[in-house]
Amino acid sequence: MAHPLSVAAAETLSGNRTLTNAEILEAQIWTFDPAAARDLTLPAASATNKGIVLYIANTADNADVLTIKDGVGTICTPTQNESAIVWSTGSVWDGGTVTSS
């Protein structure tokens, strides 16, 4: 059996980024260098992404904030060397920031 978690290729952002349901069903571990303060918007919580858990790392080389949103509001704001764990209940996204080591 294949491992249930997949890792997306690391990205350096040149602007705000929106993840799609197709992307988060394909990969659940994401690494972003925002290169400035950026927004990362998740797809609307739905039956399609219910139960999805995402690990999102901010690998900025300075104090850039990655604001993770769900279209309704801000879920969390990992800064340099912090990460976020977010999950969909099917009706809302929830989560928080953790310190990376």
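Author: What follows is a walk through the salt bridges. The model is a predicted one. A search of the whole structure finds 3 salt bridges.

Start with R17. One of its partners is E11. The closest N and O atoms of R17 and E11 are 2.8 Å apart. R17 also forms a salt bridge with E23. There the closest N and O atoms are 3.0 Å apart. Both distances count because a salt bridge needs a side-chain nitrogen of Lys or Arg within 4 Å of a carboxyl oxygen of Asp or Glu. Together, E11, R17 and E23 are linked in a network of salt bridges.

Now look at accessibility in this network. R17 has a relative accessible area of 15%. R17 is therefore buried, as the cut-off for buried is under 20%. E11 has a relative accessible area of 23%, so E11 is partly exposed. E23 is at 25% relative accessibility, so E23 counts as partly exposed too.

Next comes K69. Its salt-bridge partner is D39, with the closest N and O atoms 3.2 Å apart. This pair links distant parts of the chain, 30 residues apart. K69 lies in strand β6, residues 66-69. D39 lies in strand β4, residues 38-41. K69 has 27% relative accessibility and therefore counts as partly exposed. D39, at 22%, also counts as partly exposed.

Notes
Residues are numbered from 1 along each chain as its sequence is written. This is a predicted model: local features need pLDDT of at least 70, side-chain atom pairs count only at pLDDT 80 or more; totals for chains, interfaces and linings use all residues. Side-chain values use heavy atoms; hydrogens and water are left out. Buried means under 20% relative accessible area, exposed over 50%, partly exposed in between (1.4 Å probe, protein chains only). Helices (H or I, at least four residues) and strands (E, at least two) are DSSP runs, numbered from the N terminus.
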